[in-house]
Amino acid sequence: MSVPETIRWAPGGRSALILDQTLLPGVHEEKELSTLEDFIEAIRSLRVRGAPLIGITAAIGLAALARQSAVEGVSARELRARFAGWAERLAAARPTAVNLVWAVRRLRACLDAAAGDAGELAGALAAEADAIHEEDRRMCRAIGEHAAALLAGGEAVITHCNAGSLATGGIGTALAPVYVAAEAGRRVRVFADETRPLLQGSRLTAWELSRAGIEVTVLADNMAGSLFATDPPDIAFVGSDRIAANGDVANKIGTYPLAVLAHRHGVPFYVLAPTSTVDLGSPTGGDIPIEHRDPDEVRRGFGPLLAPEAADVYSPAFDITPAELVTGIVTERGIHRPPYTESLAAAVGAAEAERRHPKIQAAPPAGGRR
Ligand code: MRU
């Protein structure tokens, strides 16, 4: 399945080219990111978005900045000092997606372990950024293969926001099983919540699925109740920005009401995310920082005023779905079931062990219990 390329090195490897997601679906245009401010702005303004892609972008950004410094001729010591400042600012660009901090930490550990002059340090950072990108591609595929076992064919899947190829370095997380099933010739239909206020569902999910020839129906968020009451989807697949150790899930605002609806109507509700999205350092959803965004995203969206300037606005970008509403969590290690405190800790431990000793193989696709 061919999916759009979300980020790549610009020729010369000192800057990155991203697909500017703020322009989709109307305009398909790349934007070059060169400076630290470019990378931070692209992450904050959602030109690149989705937890895994934010992490990949930060990693490529750090490596690109290191290469620029090496070309300037700075010492290894100076490069290490500059890196500390870049890492701190990039890690703070968005607070909820833990993949951002995770990727920055990986690059920091890589730099700490590397030796040599500035050119060699920059080379090590670029190789680590590429490894993160490549691992994400493989994790998406593995998530898709595990979760495709939940689809026999003919299902209607409902999803929220965009956890597809546009949010990752591969075929996505929540949409990965849809692509895997389609590749195998199985028919799957997708209902894409429009996802107010920035419409990642209608602008991005519907775009990438229709581009791939997959049947997709867009609905405004407040229409989901009517759909469940009249013609319920068979299964819900969503992504996540951070999963707490107990299985509580932070994802795009509106995910929690979708989980409540699914529960009310007996529809299985799955969260699909790589182990890099699991934060064992956050014991519960209450420990996850929730980003609040510019009120004008609600007041105006992308166009004219929709609410008076004088009105206050409530605009959290994410909500928390309690673990009790989550039927299963699918990572590249398999399908994890409650109690999540145990199953997630085991998955993260196995993923970390595999990274240290790559010979340990990823788990084979699990059988499909709904
Ligand atoms: O604000 P966004 O567009 O970055 O929010 C994205 C989401 O909520 C996704 O569902 C999540 O990051 C998972 S992406 C595989």
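Visitor: What should I know about the model before I start?

Guide: The model is predicted, residues are numbered from 1 along each chain as its sequence is written, and side-chain values use heavy atoms, with hydrogens and water left out. Local features need pLDDT of at least 70 and side-chain atom pairs count only at pLDDT 80 or more, while totals for chains, interfaces and linings use all residues.

Visitor: How many residues surround the ligand, and which are the closest?

Guide: A residue counts as near if one of its heavy atoms lies within 4 Å of the molecule. Here 17 residues surround the ligand, the closest being Ala51, Arg94, Gln200, Asn251 and Lys252. The shell divides into six nonpolar, seven polar and four charged residues, where Gly counts as polar and Asp, Glu, Lys and Arg as charged.

Visitor: Which polar side-chain atom lies 2.6 Å from an oxygen atom of the ligand?

Guide: A polar contact is a pair of N or O atoms within 3.5 Å. A polar side-chain atom of Asn251 lies 2.6 Å from a ligand oxygen, a side-chain N or O atom of Arg94 is 2.9 Å from a ligand oxygen, and a polar backbone atom of Gly50 is 3.0 Å from a ligand oxygen. The protein covers 100% of the 410 Å² of accessible area that the ligand has on its own, by the Shrake-Rupley method with a 1.4 Å probe.

Visitor: Which elements give two or more residues to the shell around the ligand?

Guide: Helices (H or I, at least four residues) and strands (E, at least two) are DSSP runs numbered from the N terminus. The elements in question are α2 (51-72) and β9 (249-252).

Methods. A polar contact is a pair of N or O atoms within 3.5 Å; within protein, one must be able to donate a hydrogen and the other to accept it, and residues adjacent in sequence count only if both atoms are side-chain atoms.
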